[in-house]
Amino acid sequence: MSGQRSNREEQERQRLNRQINFLVMRKMWQRLRGRAKKGSEGQTIYAAFHMSRERYTRVIRGEPVRFSKEELKRLVVETGVRSEIFEGKDCFHFEAISRRDWQRLFELREVNIEGAKTFEKNLYDQMVESDVDLLKNADLYYFAVYLKSGKAVTDVNIEEEILGRINWLDNISLTRLERCRPEVLQKYVRGLEKQLDIASTLLRYVELKQQEK
């Protein structure tokens, strides 16, 4: 009996995860790409995901929609977002928005459309730029890159990505680092040292190659 309850709870968790993910992805698409003009199907998130609008909407309503292995692979390759996001095993997270807030939104969508629209707008207003953070919310970051560039993060210019990460590192102040546990700081230092060693070795190799010309 407890096993059945646990299984139902997991199904409910994944169902809500998918509702959150697909609703957020559609809203991000509309904000960054704009709404498609009538008759321009190629400009919609539905066309980009190779889904009908009806099927996409069923996911947001919490109805069961199955993706084949081929569909998931294509979505992952094209967007750079993990399959767990599309399957509902994981979901996007936001600093100021709780899971209960999302539950309340989808409950409202069932009984009060106008109230749901107002509530949904309030949720979006609580989203902040730091929510789209590579370290805290990698899938959301990768999806934003996909929307802006039209490519998965693996296809984006590596120099742009490196410069972006340098800017992120530059914004980490001593005050923020003081909040970290010693073991986290140790991992942080080891990671930086590893990257420094790799970059220094490569730079030295490039310089030697240039000297040979």
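**View 1. Arg33 places its charged end over two rings.** In this predicted model, the charged end of Arg33 sits over the ring of Trp29, 4.4 Å from its centre. The charged end of Arg33 also sits over the ring of Tyr146, at 5.7 Å from the centre. A charge sits over a ring if NZ of Lys or CZ of Arg is within 6 Å of the ring centre and within 35 degrees of the ring normal. Residues are numbered from 1 along each chain as its sequence is written. Local features need pLDDT of at least 70 and side-chain atom pairs count only at pLDDT 80 or more, while totals for chains, interfaces and linings use all residues; side-chain values use heavy atoms, without hydrogens and water.

View 2. Rings of Phe, Tyr and Trp (its six-membered ring) pair if their centres lie within 6.5 Å; planes under 30 degrees apart are stacked, over 60 edge-to-face, the rest tilted. By this rule there are 10 aromatic pairs. Phe94 and Trp102 have ring centres 6.0 Å apart and planes at 55°, so this pair is tilted. Both Phe94 and Trp102 are buried (under 20% relative accessible area, with exposed over 50% and partly exposed in between; 1.4 Å probe, protein chains only). Tyr141 and Tyr142 form an edge-to-face pair, 5.8 Å centre to centre with 65° between the planes.

**View 3. The largest nonpolar core has 39 residues.** A nonpolar core is a set of buried Ala, Val, Leu, Ile, Met, Phe, Trp, Tyr and Cys residues joined through side-chain atoms within 4.5 Å. Phe22, Met25, Phe49, Tyr56, Trp102 and Phe143 have the most contacts inside this core. Helix H1 (2-33) supplies the largest share, 8 residues. Helices are DSSP runs (H or I, at least four residues), numbered from the N terminus. Leaving aside neighbours within four places in sequence, Phe143 is in contact (heavy atoms within 4.5 Å) with Met25, Met28, Ile45, Phe49 and Val81.

**View 4. Helix H4 (residues 69-79) has a buried side and an exposed face.** Glu71, Leu72, Leu75 and Thr79 are the buried residues of H4. Seen down the helix axis, they fall within an arc of 100° (taken from the directions from the axis to the C-beta atoms), so they line one face. Helix H3 (53-60), helix H5 (83-87) and helix H8 (138-149) are among what covers them. The face turned away carries the exposed Lys69, Glu70, Lys73 and Val77. Just after H4, Gly80 takes a positive phi of about 85°.

Note on methods:
Helix = DSSP H or I, 4+ residues; strand = E, 2+ residues; numbered from the N terminus.
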